[in-house]
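Subject: Structure for you to look at

Hello,

Here is the structure I said I would pass on. Please open it first and keep it beside you while you read the notes below.

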Amino acid sequence: MTSVYVAPKGKQGYEEAPEAKIHRIRITLTSRNVKNLEKVSAELINRAKEKSLKVKGPVRLPTKVLRITTRKTPNGEGSKTWDRYEMRIHKRLIDLHSPSEIVKQITSISIEPGVEVEVTIQSN
């Protein structure tokens, strides 16, 4: 950690003013729409690289497939036909190493509809 020395007003000598502490920040993006998810993750990474931050990701996690199979007929009669429905949930992880103030600036983008953003801050 580097320090900046600032001369206080009206006093002799120097005092130490520490810089902002660097945190490990994990941004988790979840969505049913891959196109919106990739767009948001690319925009987050571009903003982080503009501020010259250390970025890892986007890490693509396995897709969760939720399946529901139901009978087409409401009563028990007729041929036994089934409807199959499925919903795919896609997830991306982005890791940043930066002060928490900068993360507020990075995550203040317009997020696409249907994309959930979760930010977890860990100190080193």
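A few terms come first. On a 1 Å grid over the protein atoms alone, a cavity is a set of points where a 1.4 Å probe fits but cannot get out, and its lining residues have an atom within 4 Å of a point. Grid points are joined across faces, edges and corners, and a volume is the space filled by probe spheres set on the points. By these rules, the structure holds one cavity of 30 Å³ or more, and the volume of the largest cavity is about 30 Å³.

Before going on, note that this is a predicted model: local features need pLDDT of at least 70, side-chain atom pairs count only at pLDDT 80 or more, and totals for chains, interfaces and linings use all residues. Residues are numbered from 1 along each chain as its sequence is written, and side-chain values use heavy atoms, with hydrogens and water left out.

Which residues line the largest cavity? They are Val40, Leu44, Thr107, Ile109, Ile111 and Val117. Sorted by class, this lining has five nonpolar residues, one polar and no charged (Ala, Val, Leu, Ile, Met, Phe, Trp, Tyr, Cys and Pro count as nonpolar, Asp, Glu, Lys and Arg as charged, and the others, Gly among them, as polar).

Now the chain as a whole. It has two helices and six strands, taken as DSSP runs numbered from the N terminus (helices are H or I, at least four residues; strands are E, at least two). Along the sequence the pattern reads β-β-β-α-β-β-α-β. Of the 124 residues, 23% are buried; buried means under 20% relative accessible area, exposed over 50%, and partly exposed in between (1.4 Å probe, protein chains only). Contact means heavy atoms within 4.5 Å. Among contacts with a separation of 6 or more, 67% are between residues 24 or more positions apart.

Two backbone details are worth a look. Most residues other than glycine have a negative phi, and most peptide bonds are trans. Ser52 is not a glycine, yet has a positive phi of about 50 degrees. Ser52 sits in the loop between α1 (34–50) and β4, and counts as exposed because its relative accessibility is 66%. The bond between Gly57 and Pro58 is a cis peptide bond, with omega of about 5 degrees. Pro58 belongs to strand β4 (residues 54–71). Leaving out residues up to four places away in sequence, Pro58 touches Ser41, Ile45, Arg92, Leu93 and Ile94.

What does Thr70 touch, not counting residues up to four places away in sequence? The answer is Thr81, Trp82, Asp83 and Tyr85. Thr70 and Trp82 are 12 residues apart in sequence, and 5.6 Å apart from C-alpha to C-alpha. Arg71 lies over the face of Trp82, at 5.7 Å from the ring centre; a charge sits over a ring if NZ of Lys or CZ of Arg is within 6 Å of the ring centre and within 35 degrees of the ring normal.

Regards

Methods. 1 Å grid on protein atoms, 1.4 Å probe; cavity = no way out; pocket = protein on both sides within 12 Å on 5 of 7 lines; lining within 4 Å.
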